[in-house]
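Try each task before reading its solution.

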Amino acid sequence: TSYQRWVEARSSWSRISTQGHNILRMAATFASEIESPLNNEAYNDQIDHAKASLRDVSIRAYVFMRTLQQHLRGPEEETMYIHDMEQSGLSDSDVNDLIYTATHRPTWALQDLSASINKLPIDEKRRVEIDKSAVIMGDAMGTAENVFRSPVPLVYTRHTARFLSLYLLLLPMALWDSFGTSWNHILLVPCSAIIALFLFGIEELAVQLEEPFSILPIEIFVTGMRDNGGTGSEVVCPEYDCVELEVEGKGSEVHVERESGDAIAPYTCTGFW
């Protein structure tokens, strides 16, 4: 039915949005757990690398959702889509590959998202957990595309409209005797008009629900991913000063404590010279 198509489309986009935010949440959490090195320079390099990787993931998640939106809406949004991709943070070569080279843009964008997840500075198990959300996004994309590529046959819509028109055309004849008490059957006119308004309104609602992606507020999902990806996913790492102990001779144990202000951080690192 028309309503079932609308429900499937809404559910698929809800899953895409939810799993996209899950990817950013897990990536930000896992990337923040940076091991403590023996010097500040290495520590800051790890933080910079984690932030860059996380920013790349957030960009690819937004690009995937924006690309799928354009794919389901049609060529009417092509100009705005190209502008959004140029402003998304992708490199010029990636924008060119996505817009002009990719055979199926949403699949290309999802594969690119998986590739950026694979580059996160985290262990393999956590990377797999994040990629599970990307798999769910791919399944939801398939559901949405099935709805998009399987429209209700036009003959069904036309037949319904013709039957309804014929029914309303003959309705005054059926109600003629019922309004015989009114002057010249005058009440038959507003009664027939009201019935026609409601029945044609129901038919128009069904036609709109048959193409759910034209009425769903997809922009809210996409804009939410763009905004949250830019501000809501940060690598949270404390700033520490490294205190190195002088040692004598090779093979000696080096014990380093990281301090933040007057409080000693809740971990230490140990190495060998």
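**Exercise 1. Which residues touch the most other members of the largest nonpolar core, and which elements give residues to this core?**

Solution. Keep in mind throughout that this is a predicted model.

Step 1: The largest nonpolar core holds 46 residues, and Trp 13, Phe 64, Ile 130 and Phe 213 touch the most other members.

Step 2: Two or more residues of this core come from each of helix H1 (2–31), helix H2 (40–73), helix H3 (78–86), helix H4 (92–101), helix H5 (105–118), helix H6 (124–149) and helix H9 (218–231).

Step 3: Apart from this core lies another one, of seven residues, including Leu 171, Phe 179, Leu 188 and Ala 196.

Step 4: Now zoom in on Ile 130. Setting aside residues up to four places away in sequence, Ile 130 touches Ile 23, Met 26, Ala 27, Phe 30, Ile 117, Leu 120 and Ile 122.

Step 5: For background, nonpolar side chains in soluble globular proteins tend to be buried together.

**Exercise 2. What pattern does the chain follow along the sequence?**

Solution. Step 1: The chain has nine helices and three strands.

Step 1: Along the sequence, these give the pattern α-α-α-α-α-α-α-α-α-β-β-β.

Step 2: Of the 273 residues of the chain, 40% count as buried.

Step 3: Take the contacts between residues at least 6 apart in sequence: 68% of them join residues at least 24 apart.

**Exercise 3. What span should H5 have at 1.5 Å a residue, and where do its buried residues fall when seen down the axis?**

Solution. Step 1: H5 has 14 residues, so at 1.5 Å a residue it should span 20 Å. The end C-alpha atoms of H5 are 20 Å apart, which agrees.

Step 1: The buried residues of H5 are Arg 105, Pro 106, Ala 109, Leu 110, Asp 112, Leu 113, Ser 116 and Ile 117.

Step 2: Down the axis of H5, these buried residues fall within an arc of 160 degrees, so they line one face of the helix.

Step 3: Leu 113 is buried, because its relative accessible area is 0%. Leaving aside neighbours within four places in sequence, Leu 113 is in contact with Ile 23, Val 57, Arg 60, Ala 61 and Met 137. Val 63 is 50 residues from Leu 113 in sequence, yet the two are 8.6 Å apart in space, C-alpha to C-alpha.

**Exercise 4. Which residue caps the N-terminal end of H6?**

Solution. Step 1: The cap is Asp 123, with a side-chain oxygen 3.2 Å from the backbone nitrogen of Lys 125.

Step 1: The 26 residues of H6 should span 38 Å at 1.5 Å a residue, and the end C-alpha atoms are 37 Å apart, which agrees.

Step 2: The buried residues of H6 include Arg 127, Ile 130, Ser 133, Met 137 and Glu 145.

**Exercise 5. How many aromatic pairs does a search of the whole structure find?**

Solution. Step 1: The search finds two aromatic pairs.

Step 1: One of them is formed by Trp 13 and Phe 221, with 6.2 Å centre to centre and 20 degrees between the planes; this pair is stacked.

Step 2: Trp 13 is in helix H1 and Phe 221 in helix H9, 208 residues apart, so the pair links distant parts of the chain.

Step 3: Trp 13 counts as buried because its relative accessibility is 0%, whereas Phe 221, at 23%, is partly exposed.

**Exercise 6. Are Asp 84 and Arg 73 buried or exposed?**

Solution. Step 1: Asp 84 is found in helix H3, and Arg 73 in helix H2.

Step 1: Buried means under 20% relative accessible area. Asp 84 has 17% and is therefore buried; Arg 73 also has 17% and is buried.

Step 2: Look at the partners of Asp 84. A polar contact of 2.8 Å joins the side chains of Asp 84 and Arg 66. Beyond residues up to four places away, Asp 84 touches Tyr 62 and Arg 66.

Step 3: For Arg 73, a polar side-chain atom lies 2.9 Å from the backbone oxygen of Leu 216. Not counting residues up to four places away in sequence, Arg 73 touches Phe 213, Ser 214, Leu 216, Ile 218 and Glu 219.

How values were computed: Residues are numbered from 1 along each chain as its sequence is written. This is a predicted model: local features need pLDDT of at least 70, side-chain atom pairs count only at pLDDT 80 or more; totals for chains, interfaces and linings use all residues. Side-chain values use heavy atoms; hydrogens and water are left out. A nonpolar core is a set of buried Ala, Val, Leu, Ile, Met, Phe, Trp, Tyr and Cys residues joined through side-chain atoms within 4.5 Å. Buried means under 20% relative accessible area, exposed over 50%, partly exposed in between (1.4 Å probe, protein chains only). Helices (H or I, at least four residues) and strands (E, at least two) are DSSP runs, numbered from the N terminus. Contact means heavy atoms within 4.5 Å. The expected span of a helix is 1.5 Å times one less than its number of residues. The arc is that of the directions from the helix axis to the C-beta atoms. Rings of Phe, Tyr and Trp (its six-membered ring) pair if their centres lie within 6.5 Å; planes under 30 degrees apart count as stacked, over 60 as edge-to-face and the rest as tilted. A polar contact is a pair of N or O atoms within 3.5 Å; within protein, one must be able to donate a hydrogen and the other to accept it, and residues adjacent in sequence count only if both atoms are side-chain atoms.
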